[in-house]
Amino acid sequence: EGGVHDATLWVTNGAGDNATFTLRLTAMVRTHHYVDEHSANPIAPYLTPETAATDIQAAINAATVGGYVHVLPGTYSPFVLNKYLFVIGETGNWDDVIVDGDTASRCIDITDKLGYVASLTATRGAAGTGAKGVNIRIVDGGTVTNVHSTLGNRKGGYASENIYGGGIYNKNGTVVDCLIDGCYAYNHSAGIGYAQEGAAALGERLVITNNTANLTYSWGSSTGGGGVWMNGGILRDSIIAFNNIGAWTQNSAGNIGATGARVIGGRLVNCTVYGNVAGNDVSTYYAGVVTESAGTVENCIIFGNGCSKNATVANWDGVAANFLHCATTPLVGLSADNVDITTALWSFSTTDGVLDASSPLVDAGVVAGTAADLGATDLFGGARIDNGAPDIGHEEFQTGALAVPFASSAGYLSIGPLS
């Protein structure tokens, strides 16, 4: 029951000593508020589906701190989550609730560190020059989960340059189980898909793909990242694939464009960085993953990154000592704990198992911090440490699963675990 309650604690010992303590506790009742774009009878504070608000922001403004805002299927205007609330798409399917920035404004702004957003799509966000977060911004703490962020920063032109995170910007928050795709960049941007900073920031089980720079993309030493730019926290158990930094200019000597991820600070852990490219032939001044002095890359597959205009493969660059137990090529300059990906019995997939039981990537990872830093599960929900040590890449081979090629009447399909 909600309200203020007094609790009395009486304690004693064998010698007969005793004491009494009284604590005054305030119990919170979580209220439930509803949003339905088709509501015919909206009545604040929108406590039933029959009296639902037609706008998410109206329900947030009326909601009691700690409560829930249930959003029924529909298309809605952008909102600011400025209090401790759970804003959740009611069906759990992110396709059913659309928050549309209409290429005019940011879709979702989370300004309260306890704000929670789940099960919706944010699309067509826009923000001005230098903005952090186009579709979604976590200002300093907050949670986004089971969200699809797509088509951010499509407005274009110089009013949209210097962006950090076209899909999601996360400062000291948590972003889990999200798809970030189809976002754009125009000049000097950092993380076309996803940008993360702050020691407490966590990105987990993300698929960051098909984000593109479609105009000349000049890179400074602190910017870049076709899929990801990060300067703090941990990004783990994720796929960063098929992003394109477009036609770009090396604007300072020695600067390398990161087609997949630029890791200035923080830790990229158990991720697969695959098939990210530069859109023009600029010799070898690009790489799939680029590290700087405070950034480490652990247990990652880094493979097939290059240029759409030639056959050059450029997988990694930066501080070689900061690549730990990764699978990539070439290995020249890297420590002996890294693995040659060309001999790894590995196939890329976003839906199936990617490791053969005999692959040298199985149990070849490292726990560089604590086991908790690796997370409990891989991208597909399997236990992250299955056999005493983590594997390399976004999936953990599960002991007892039989990984074999299989076929049907339609022919060869894929490699996946059969249990």
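This is a predicted model: local features need pLDDT of at least 70, side-chain atom pairs count only at pLDDT 80 or more; totals for chains, interfaces and linings use all residues.
Modeller: Residues are numbered from 1 along each chain as its sequence is written, and side-chain values use heavy atoms, with hydrogens and water left out.

Biologist: How many salt bridges are there?

Modeller: A salt bridge here is a side-chain nitrogen of Lys or Arg within 4 Å of a carboxyl oxygen of Asp or Glu. By that rule the count is 13.

Biologist: How many residues apart in sequence are the parts tied together by arginine 267 and glutamate 298?

Modeller: The two side chains meet in a salt bridge at 2.8 Å, N to O. Strands are DSSP runs of E, at least two residues, numbered from the N terminus. Arginine 267 lies in strand β23 (residues 257-269) and glutamate 298 in strand β26 (residues 286-298), so the parts tied together are apart in sequence by 31 residues.

Biologist: What is the relative accessible area of glutamate 298?

Modeller: Buried means under 20% relative accessible area, exposed over 50% and partly exposed in between, with a 1.4 Å probe and protein chains only. Arginine 267 is buried at 17%. Glutamate 298 is also buried, and its value is 2%.

Biologist: Which aspartate forms a salt bridge with arginine 267?

Modeller: The closest N and O atoms of this pair are 3.0 Å apart. Both partners are buried. The residue is aspartate 373.

Biologist: Which residues do salt bridges that share partners join into one network?

Modeller: Glutamate 396 and arginine 384 form a salt bridge, with closest N and O atoms 2.8 Å apart. The network joins Asp177, Glu204, Arg205 and Arg236.

Key:
Helices (H or I, at least four residues) and strands (E, at least two) are DSSP runs, numbered from the N terminus.
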